[in-house]
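Hi everyone, thanks for coming. Please have a look at the structure on the screen while I talk you through it.

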Amino acid sequence: MRLRVEFTTEPFDLDEAPAHAVVAREVIQSAELDAVDVGPFGNTAEGEADTVLTAVDSLLRKALESGATRISLQVNVVGEDSK
């Protein structure tokens, strides 16, 4: 099964990326995921279920440790299995 994760971390800082946002993006970019897209207002990535879920666990833990006060997260099944 393939999953797509979309997430944002808060609090926002429009002048520079806060530590929690940088850490969350590093976790996603270093995981073996496909279609990684990071941006100032949201991030997405796709991959096999186990890889996505492992990355999400790490993302949550590390972003919270780095000062995130809120993490908005959505996980969807993608591909043929999602019909």
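Let me start with a definition: buried means under 20% relative accessible area, exposed means over 50%, and partly exposed is in between, using a 1.4 Å probe and protein chains only. With that in hand, take Ala35: at 53% relative accessibility it counts as exposed. Ala35 sits in strand β2, and its phi is positive, about 50°, although the residue is not a glycine.

A word on where this comes from. This is a predicted model, so local features need pLDDT of at least 70 and side-chain atom pairs count only at pLDDT 80 or more, while totals for chains, interfaces and linings use all residues. Residues are numbered from 1 along each chain as its sequence is written, and side-chain values use heavy atoms, with hydrogens and water left out.

Now the overall layout. The protein chain has 2 helices and 4 strands; helices (H or I, at least four residues) and strands (E, at least two) are DSSP runs, numbered from the N terminus. Reading from the N terminus, the order is β-α-β-β-α-β. The radius of gyration is 12 Å, close to the 12 Å that the globule rule gives for 83 residues, so the protein chain is as compact as a globular protein of that length. That radius is taken over C-alpha atoms, and the rule is 2.2 Å times the number of residues to the power 0.38. Along its principal axes, the C-alpha trace spans about 40 × 20 × 20 Å.

What share of the 83 residues counts as buried? The figure is 34%. As for contacts, meaning heavy atoms within 4.5 Å, look at those between residues at least 6 apart in sequence: 66% of them join residues at least 24 apart.

Let's turn to helix α1, residues 19-30. This helix has 12 residues and reaches 16 Å from its first C-alpha to its last, close to the 16 Å expected at 1.5 Å a residue; the expected span is 1.5 Å times one less than the number of residues. Which residues of α1 are buried? They are His20, Ala21, Val23, Ala24, Arg25, Val27 and Ile28. Those buried residues pack against β1 (2-10), β2 (34-38), β3 (43-48) and α2 (49-65).

One last stop, at the peptide bonds. Glu10 and Pro11 are joined by a cis peptide bond, with omega about 10°. You'll find Pro11 in the loop between β1 and α1.
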